[in-house]
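Subject: Structure handover and notes

Dear colleague,

I am passing on the structure below, followed by my notes on it. Please read them with the coordinates open beside you.

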Amino acid sequence: MEIKIISDRQNPLLSRREIRFIVAFEGATPTIKDVKLKLAAMLNADKNMLIVDKIDQEFGKLEARGYAKLYFDEKIMNMVEKKSVLEKNKTEEEVAAEGE
């Protein structure tokens, strides 16, 4: 899986960076969690503050376009994002910590 960042824009009003990217892959479309971990490593960012909003694949292509948001403040992230989006962006460590 290879990720290429198309645009990286600051949004000071919501205290976040908005990132648009293209994911090139072999086989099945990568999951949000896979893309989140790879993108967090590329951006040198905290994976808990990164929200992958969507990954859209065009029919017949082995690439997908995506949109992610990197928040600088966790409080604002929890206010702005829907609970369903926060749930689907949780990593395995966060899920395990909640289960205990």
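**Notes on the structure**

Glutamine 10 lies in strand E1, which covers residues 2-11; helices (H or I, at least four residues) and strands (E, at least two) are DSSP runs, numbered from the N terminus. This is a predicted model, in which local features need pLDDT of at least 70 and side-chain atom pairs count only at pLDDT 80 or more, while totals for chains, interfaces and linings use all residues. Residues are numbered from 1 along each chain as its sequence is written, and side-chain values use heavy atoms, with hydrogens and water left out.

Not counting residues up to four places away in sequence, glutamine 10 touches Arg16, Arg17 and Phe72, where contact means heavy atoms within 4.5 Å. Glutamine 10 and leucine 70 are 60 residues apart in sequence, and their C-alpha atoms are 9.5 Å apart in space.

**The chain as a whole**

The chain holds 4 helices and 4 strands, which follow the pattern β-β-α-β-β-α-α-α when read along the sequence. Its radius of gyration is 14 Å, which agrees with the value near 13 Å that a compact globule of 100 residues would have; the radius is taken over C-alpha atoms, and the globule rule is 2.2 Å times the number of residues to the power 0.38. Along the principal axes, the C-alpha atoms fill a box of roughly 40 × 35 × 25 Å.

Of the 100 residues, 37% are buried, a term that stands for under 20% relative accessible area, with exposed meaning over 50% and partly exposed in between (1.4 Å probe, protein chains only). Among the contacts in the chain with a separation of 6 or more, 55% are between residues 24 or more positions apart.

**Strand pairing**

E1 and E2 pair in the antiparallel sense over 9 bridges, two strands being counted as paired if DSSP finds at least two bridges between them. Within this pairing, lysine 4 has isoleucine 22 in E2 as its bridge partner. E2 also pairs with E4, again in the antiparallel sense and over 9 bridges, and here the bridge partner of arginine 20 is tyrosine 67 in E4. E3 and E4 form an antiparallel pair over 7 bridges, with isoleucine 55 standing opposite glycine 66 in E4. E4 itself is mostly covered, since 7 of its 9 residues are buried.

**Turns and loops**

The hairpin of E1 and E2 has 4 residues between the strands, and serine 15 takes a positive phi near 55° there, although serine 15 is not a glycine. Serine 15 counts as buried because its relative accessibility is 18%. Asparagine 44, in the loop between H1 and E3, likewise has a positive phi near 55° in a residue other than glycine, but asparagine 44 is exposed, with a relative accessible area of 73%. In the hairpin of E3 and E4, which has 5 residues between the strands, the residue with a positive phi, near 85°, is glycine 60.

Alanine 28 belongs to the loop between E2 and H1 and is exposed at a relative accessible area of 66%.

**A buried glutamate**

Glutamate 18 lies in strand E2 and counts as buried because its relative accessibility is 9%. Its side chain makes polar contacts with the side chains of asparagine 11, at 2.9 Å, and arginine 16, at 2.8 Å. A polar contact is a pair of N or O atoms within 3.5 Å; within protein, one must be able to donate a hydrogen and the other to accept it, and residues adjacent in sequence count only if both atoms are side-chain atoms. Leaving aside neighbours within four places in sequence, the residues in contact with glutamate 18 include Ser7, Tyr67 and Ala68.

**The nonpolar core**

Which residues touch the most other members of the largest nonpolar core? They are Phe21, Val35, Leu39 and Val52, out of 22 residues in that core. Strand E2 (16-24), helix H1 (32-43), strand E3 (50-57), strand E4 (63-71) and helix H3 (83-88) each supply at least two of its residues, and H1 gives the most, with 5. The core is defined as a set of buried Ala, Val, Leu, Ile, Met, Phe, Trp, Tyr and Cys residues joined through side-chain atoms within 4.5 Å. Beyond its neighbours within four places in sequence, valine 35 is in contact with Met1, Ile3, Phe21, Val23, Pro30, Val52 and Ile55.

With best wishes
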